[in-house]
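Biologist: I would like to learn how to read a model like this one. Can we go through it feature by feature?

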Amino acid sequence: MTSLPLIPVDPDAPGARRATMPPQHLADLDLAGRKALVTELGEPAFRARQISTHYFGRLVRDPAQMTDLPAASRDRLADQLLPPLLTPMRELACDDGATRKALWRLHDGSLVESVLMGYPDRVTVCISSQAGCGMACPFCATGQAGLTRNLSTAEIVDQAVYLAGVAASGAVAGSPPRLSHVVFMGMGEPLANYNRVVAAIRRLVAPAPEGLGLSQRHITVSTVGLVPAINRLASEDLSVTLALSLHAPDDELRDELVPVNQRWKVSEVLDAAWSYAARTGRRVSIEYAMIKDVNDQPWRADLLGRLLAGKLAHVNLIPLNPTPGSRWDASPKPVEREFVRRLRDAGVSTTVRDTRGREIDGACGQLAAAEDRGTDPAGRMSA
Ligand code: SAH
């Protein structure tokens with residue numbers, strides 16, 4: 001295996017899509033910022049709260065439905081505060097409608113995706129923080145395409161607000177109607193878009209109408225392990241859950257699977273994770289994609305167990321979702337079971353992640369990748 005270089009897409013290269021940030025949206029601003037903007041537009045400050053109540057409180061995104069705003073003000077405010085950010089290109093469902101995946105086109109043509117997952121006791125959305133990703137993990141579909149650009153705060157928040165509206169409409173049978181959990185496990189490396197992601201988290205947790213009113217504990221930020229950014233996140237007044245995509249307990253293999261390991265080694269990234277856990281009191285989730293004959297050997301389970309024993313950690317094993325053209329496959333079930341057994345014997349809490357959304361390429365940038373290839377994954381839609 002050779003490591004891939006971290007090459008961002010050059011937006012000026014011939015044939016490259018021009019990637020530009022979107023216009024400002026109300027979700028980019030806190031309530032005070034919205035009031036200031038509304039006042040600048042010559043409207044009374046209370047309109048900021050009115051329009052925020054529609055968007056965050058009632059999950060109404062279409063200005064035409066905001067009938068308590070006088071028509072002239074509504075148009076002016078919608079122009080400045082509610083520019084359309086996400087155009088749904090494709091919505092797929094599987095698991096009897098309990099998993100829904102949305103592919104969005106952004107204003108500059110970039111494609112990103114989000115997934116809505118309903119469970120009996122909760123509703124989770126998995127959202128993207130960047131169009132593409134610059135981290136180049138060779139087993140990840142998004143990593144293959146490189147980074148197009150960072151998403152704006154509102155582009156991140158709007159994915160959750162849109163899908164919270166889908167859940168509220170009762171579309172996810174057998175689940176509560178209220179969105180409860182958000183995971184930053186879609187496209188992109190959230191900590192490489194630090195300021196916008198932290199602002200988005202603040203919008204997600206602020207009580208309505210300033211934000212969506214989610215619990216901090218129900219938000220998970222997943223990272224390849226950008227150590228300075230993990231330390232910075234620990235110093236925010238937030239206690240969101242940190243997920244660390246470890247995938248290998250030894251530097252030799254992790255240098256290849258997660259190329260940023262060449263900069264911050266396993267021991268450094270785990271130290272940052274333990275400081276995060278100590279600071280926030282939150283158990284860190286260690287993500288480990290099980291790749292057949294690559295990282296699934298018993299000795300790696302034992303080494304991982306030694307690194308994690310006694311720490312505030314939980315291991316989440318993910319059966320590898322093979323990407324198109326990849327030479328890698330998921331570990332066989334008996335190998336996976338042995339890996340779990342060894343971790344548990346070492347006293348490490350371990351679970352295997354369910355494989356929701358597989359049939360709609362609900363993991364890891366594959367729908368956007370399929371769209372770019374011009375293939376049609378809709379044939380696999382079951383609901
Ligand atoms: N950049 C962040 C978040 C996005 S990916 C991160 O790396 O954590 C979310 C999770 O899916 C990560 O743990 C990532 O390693 C994992 N993942 C990516 N491609 C995968 C694949 N093909 N099969 C299984 N898990 C994968």
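**Reading the model**

Modeller: Start in a loop. Ala136 sits between strand S5 (130-132) and helix H4 (141-145). Keep in mind that this is a predicted model.

Biologist: What is the phi of Ala136?

Modeller: Phi is near 60° there, a positive value in a residue other than glycine.

Biologist: Is Ala136 buried or exposed?

Modeller: The cut-off for buried is under 20% relative accessible area. Ala136 has 5% relative accessibility, so it counts as buried.

Biologist: Which other residue has a positive phi although it is not a glycine?

Modeller: Leu59, with a phi of about 60°. Leu59 lies in the loop that links helix H2 (46-57) and helix H3 (71-81).

Biologist: Now strands. How do I read the two faces of one?

Modeller: In a regular strand, side chains alternate between the two faces of the sheet. Take strand S7, residues 181-184. His181 and Val183 point to one side, Val182 and Phe184 to the other. These four residues are all buried, and both faces of S7 are covered.

Biologist: Which strands pair with S7?

Modeller: Strand S4 (residues 123-126) pairs with S7 in the parallel sense, over three bridges. Strand S8 (residues 219-223) also runs parallel to S7, joined by three bridges. Val125 stands opposite Val182, and in S8 the bridge partner of Val182 is Ile219.

Biologist: What unit do S7, helix H6 and S8 make?

Modeller: A right-handed β-α-β unit, with H6 spanning residues 194-205. Look at the loop between H6 and S8, where Pro209 is found. The peptide bond from Ala208 to Pro209 is cis, with omega near 5°.

Biologist: On to the ligand. How many residues surround it?

Modeller: 19 residues do, and the closest are Phe139, Ser222, Ser245, His247 and Asn321. By class, the shell has nine nonpolar, eight polar and two charged residues.

Biologist: Where are polar atoms of the protein placed against the ligand?

Modeller: A polar side-chain atom of Ser222 is 2.6 Å from a ligand oxygen atom. For Gly188, a backbone N or O atom lies 3.0 Å from a nitrogen atom of the ligand. For Glu189, a polar side-chain atom lies 3.1 Å from a ligand nitrogen atom.

Biologist: How much of the ligand's accessible area does the protein cover?

Modeller: On its own, the ligand has 530 Å² of accessible area. The protein covers 95% of that.

Notes: Residues numbered from 1 in each chain as written. Predicted model: local features only at pLDDT ≥ 70, side-chain atom pairs only at ≥ 80, totals over all residues. Heavy atoms only, no water. Buried < 20%, exposed > 50% of the residue type's maximum accessible area, 1.4 Å probe, protein only. Helix = DSSP H or I, 4+ residues; strand = E, 2+ residues; numbered from the N terminus. Pairing = 2+ DSSP bridges. Right-handed = clockwise from strand over helix to strand, strands pointing away. Near = heavy atom within 4 Å. Polar contact = N/O pair within 3.5 Å; in protein donor to acceptor, adjacent residues only side chain to side chain. Areas by Shrake-Rupley, 256 points an atom, 1.4 Å probe, with all protein chains shown as cover. Nonpolar A, V, L, I, M, F, W, Y, C, P; charged D, E, K, R; others polar.
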